[in-house]
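Me: I would like to learn how to read a predicted model feature by feature, with the general idea placed before each case. Could we go through it slowly?

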Amino acid sequence: MNATHESARSSMLVADQLRMAYGGRTVVDGLTFRVDRGEIFGLLGPNGAGKTTTLSIIEGLVTPDGGSAQVDGLDVRHHPFEVKARLGVQLQSSSFQPELSVGQIVRLYGGLYGVRLSHEQIRQRLGTIGLDGEIGKRFKQLSGGQQQRLALHIATIHHPALLLLDEPTAGLDPQSRRALWRRIEGLRSDGSSILLTTHSMEEAQAVCDRVAIIDHGVLITVGTPAQLIDKHRNDPEVLAVAHGEVTLEDVFIGLTGSEIND
């Protein structure tokens with residue numbers, strides 16, 4: 001068995017030499033990484049680094065110009081329906097119908113995933129995320145933290161093998177952010193593999209088993225947060241931005257540059 005097939009068997013996600021360009025601009029450039037089974041993997045990069053495009057390729061929303069992605073051993077392009085059945089997706093901004101109630105949203109999206117739920121089952125499920133008292137409230141009336149909790153619940157209502165999270169805690173207060181971290185860790189304990197993008201180095205260190213730093217669609221480095229700090233702590237560009245003990249944020253800024261990307 002060759003290395004590619006062996007990697008596909010041992011990993012939930014294998015991205016191999018992904019390439020994608022828009023209007024002549026390359027946004028993903030030979031990107032290769034894997035997410036192991038039962039792993040929380042962080043994809044870190046500045047704005048425009050190619051993170052969201054990479055998630056879109058994995059989800060099957062766009063077809064890459066080159067390379068391949070496999071989910072649970074299935075090629076995303078050749079087995080789109082089987083792959084989608086194994087995926088759960090939560091984007092930065094939830095797009096649920098604002099006038100629907102929380103209970104209606106759970107029932108609707110449960111049905112789309114083939115999960116039929118009674119009113120009492122919906123209430124019980126919402127109780128696990130602290131929203132059972134909001135079952136009749138409209139989505140637009142929920143706080144930001146409540147909306148994110150509901151979005152994560154919907155993304156995992158069918159117990160996906162791989163969960164894709166795009167900036168899952170963006171804009172949340174510290175309490176809501178920590179609560180969502182615990183939920184994400186609980187999903188891993190229940191058997192899901194998780195790929196998340198984040199700009200928060202604190203988040204990456206708190207919940208990710210491994211992280212990859214990318215810039216301009218290119219993989220720069222990958223490893224556990226501790227490994228990356230140890231590996232790059234003496235890099236001149238990292239030392240130039242560090243204030244005292246080198247942190248993951250220092251490594252990130254040192255490797256991707258200190259200029260602000262819009």
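**Reading helix 7**

Reply: The buried residues of helix 7 are Arg177, Leu180, Trp181, Ile184 and Leu187, where buried means under 20% relative accessible area, exposed over 50% and partly exposed in between, with a 1.4 Å probe and protein chains only. Helices (H or I, at least four residues) and strands (E, at least two) are DSSP runs numbered from the N terminus. These five residues cover an arc of only 120° around the axis, which puts them on the same side of helix 7; the arc is that of the directions from the helix axis to the C-beta atoms. On the other side of helix 7, the exposed residues are Gln175, Arg182 and Ser189.

Me: Before we go on, what should I know about the model and its numbering?

Reply: This is a predicted model, in which local features need pLDDT of at least 70 and side-chain atom pairs count only at pLDDT 80 or more, while totals for chains, interfaces and linings use all residues. Residues are numbered from 1 along each chain as its sequence is written, and side-chain values use heavy atoms, with hydrogens and water left out.

Me: What do the buried residues of helix 7 pack against?

Reply: Contact means heavy atoms within 4.5 Å. In this model the buried residues of helix 7 pack against strand 3 (40-44), helix 6 (144-155), strand 7 (162-166), strand 8 (193-198) and helix 8 (201-207).

Me: How does the span of helix 7 agree with its number of residues?

Reply: The expected span of a helix is 1.5 Å times one less than its number of residues. For the 16 residues of helix 7 (residues 174-189) this should give 22 Å, and the end C-alpha atoms are 23 Å apart, which agrees. At the start of helix 7, a side-chain oxygen of aspartate 173 comes to within 3.2 Å of the backbone nitrogen of glutamine 175, and just after helix 7, glycine 191 has a positive phi of about 115°.

Me: How should I read aromatic pairs?

Reply: A pair of aromatic rings is described by the distance of the centres and the angle of the planes. Rings of Phe, Tyr and Trp (its six-membered ring) pair if their centres lie within 6.5 Å, and planes under 30 degrees apart count as stacked, over 60 as edge-to-face and the rest as tilted. By this rule the count is three aromatic pairs. The rings of phenylalanine 96 and tyrosine 109 have centres 5.1 Å apart and planes at 75°, so this pair is edge-to-face. Phenylalanine 96 lies in the loop between strand 6 (87-90) and helix 4 (102-112), and tyrosine 109 in helix 4, so the pair ties together parts that are 13 residues apart in sequence. Both phenylalanine 96 and tyrosine 109 are buried. Phenylalanine 96 also forms an edge-to-face pair with phenylalanine 139, at 5.3 Å centre to centre and 85° between the planes. Phe96, Tyr109 and Phe139 form one aromatic cluster.

Me: Which residues other than glycine take a positive phi?

Reply: Most residues other than glycine have a negative phi, and most peptide bonds are trans. Here, glutamine 17 has a positive phi of about 55° although it is not a glycine; glutamine 17 lies in strand 1 (residues 11-22) and is partly exposed, with a relative accessible area of 39%. Glutamate 167 has a phi near 50°, also a positive value; glutamate 167 is placed in the loop between strand 7 and helix 7 and is buried, with a relative accessible area of 9%.

Methods:
Polar contact = N/O pair within 3.5 Å; in protein donor to acceptor, adjacent residues only side chain to side chain.
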